[in-house]
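Thanks for making time, everyone.

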Amino acid sequence: MVQSGHGRLTSGIAGLDEVLNGGFIRGQAYLVRGGPGAGKTTLGMHYLAAGKARGEQALCITLGETEARLRANAAAVGLDLSGVNFVDLSPSSALLAQVQTYDFFSPAEVEAESVTKRILSRVHALKPQRVFVDALTQLRYQSQDVAAFRRQVHSFLRFLSELTTTVVFTSESGRDLYDDDLQFLSDGILDLTAGPEGRFLRVTKMRGSGPRAGAHAVRLGGQGMRVFPVLPVETTRVPPRTEAIPSGIPALDELLHGGLERGTTTIISGPSGVGKSTLGMQFMVQAAAREERAVVYSFVEGRETMLLRSDAVGQPARALVQCGALSVEEVHPAELSPLEFANAVRKAADDGATMVMLDSIGAFGMAMLAPDANNSLYSLCRYLTARGVTVLAISELRALGGELRITEAGISPVADNILFMQYLELHRQERVEVRKTVGVLKKRLTDFDKTVREIEITNQGIRVGQPMPGLQGILTGAPRWTEPRRS
């Protein structure tokens, strides 16, 4: 979890602390906006529980749900509010009986005075470091007019700031609800949104600090709220190195003039079944055998399927997984947003991964079910290579023939290296055979062999042959080669 620095209070949500650049600033007031079910109250419960865990005085002022219900909801997601104090101002069933007491004053005037006294009395007694108010817009209905409400809120927030109390308060926002006045009165604004594309959090205002910009992914579930920040822009970039990462296949390394450079992104492209994943796994296995930390993320095949295929071609992936040098992770469709996945890969890099393989680019876009999946993948590759991590991205082409394409996902500009694999029509005497070829189309940092070679995937491993003179049709996507006649 991100540790709050001097003058900061943790939100209790690690990803949110990172977005806030360390947490909430002490003595300031933060507005949490959003429609029903956006997660405003859950965020506040995390904030209170974090204060209780640190031995701070924490106070919850609830004007909507009852204390009992808030405690039960918090407990359901594992948040302990046992040491948190409450001022329960939620409407009660006895409210109807109080109508007879309003003989000389309007109900709004009497209720506002009673509410203010109860809040001030409790705050004076506790002198809390943290206050959560849910939802402050409820006071609007107990005020005579908009001006009175604004004066009341301004005085309340100023009173708390003089006690160096950090306040988080919520408002209901929507088409028929407005909280413009609360936005002006707050030191920071956190916007929570929920829609078909997912849940997001944006920090649109924060006095005295620079929060991380962007729409950060949010997940609500059995652990309460989790925030998955937009990946940071790496200010210190590890430059790519010309140190070659070999595949362990002599003829392929000859094509690459030694191998792939560390800290680069490589796309391995080709149609279904041509051997892209197997070729990518070859690099990952070799890295793990050198005691590097290598992680494979599969969006299509299960972990066991990938290991069985490696077994079948003599790659020791299973043994390397068992010893912890290689990880093969299944990414289940529709379970993660792009930012959730990006933060999982980021954690792997934090834990020492030096090579990452994504299998495949197209499946990533379908699995994430998000319109900006390609942009997220582009940002992820840039982030990893900036940290010196080597990335392999498998790109599957739907068509077996046609004009040569590298990827249907539109992220080829991020690639430092491009390896293409293609089926080949081999014309021999009186028959035609289908073989497979491999070649290098791009290599940013060093030169490479421009020839195309036959590649075979056998139970003894991957074999790459010598250059094939006379090969035609590479750029058409339907290479043809007629075996030279022997004299």
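This is a predicted model: local features need pLDDT of at least 70, side-chain atom pairs count only at pLDDT 80 or more; totals for chains, interfaces and linings use all residues.

Glu243 sits in strand 12, residues 241–245, and Arg262 in strand 13, residues 260–262, so we're looking at a link between distant parts of the chain, 19 residues apart. Glu243 itself is partly exposed, with a relative accessible area of 36%.

Now for another pair. Arg453 forms a salt bridge with Glu254, and the closest N and O atoms are 3.1 Å apart. Arg453 lies in strand 21 and Glu254 in helix 7, so this pair ties together parts that are 199 residues apart in sequence. Arg453 is buried, at 0% relative accessibility, while Glu254 is partly exposed at 43%.

One more: Asp311 and Arg318 meet through their side chains at 2.8 Å, N to O, again a salt bridge. Here Asp311 is partly exposed at 34%, and Arg318 is partly exposed at 22%. Going back to our opening residue, Arg262 also belongs to a network: salt bridges with shared partners join it with Glu243, Arg290 and Glu292. Across the whole structure, the search finds 25 salt bridges.

How many strands form it? There are 9, in an open sheet with mixed pairing, and the order is 5-4-6-7-3-8-9-10-11. Strand 5 (85–88) and strand 11 (224–228) are the edges, each pairing on one side only. On average, neighbouring strands are turned by 20° against each other, ignoring direction.

If you zoom in on strands 8 and 9, they run antiparallel and are joined by 8 bridges. Asp191 stands opposite Arg202 of strand 9.

Helix 2, residues 40–53, lies across several strands, including strand 6, to which it runs at about 160°.

Last stop, inside helix 2: His46. Is His46 buried or exposed? Buried, at 6% relative accessibility. Among the residues His46 touches are Ser11, Leu79 and Met225.

That's my tour, thanks!

Methods: Residues are numbered from 1 along each chain as its sequence is written. Side-chain values use heavy atoms; hydrogens and water are left out. Two strands pair if DSSP finds at least two bridges between them. Helices (H or I, at least four residues) and strands (E, at least two) are DSSP runs, numbered from the N terminus. Axes are lines fitted to C-alpha atoms, for helices over the stretch in contact, and angles run from 0 to 180 degrees between N-to-C directions. Contact means heavy atoms within 4.5 Å. Buried means under 20% relative accessible area, exposed over 50%, partly exposed in between (1.4 Å probe, protein chains only). A salt bridge is a side-chain nitrogen of Lys or Arg within 4 Å of a carboxyl oxygen of Asp or Glu. Lists of a residue's contacts leave out its neighbours within four places in sequence.
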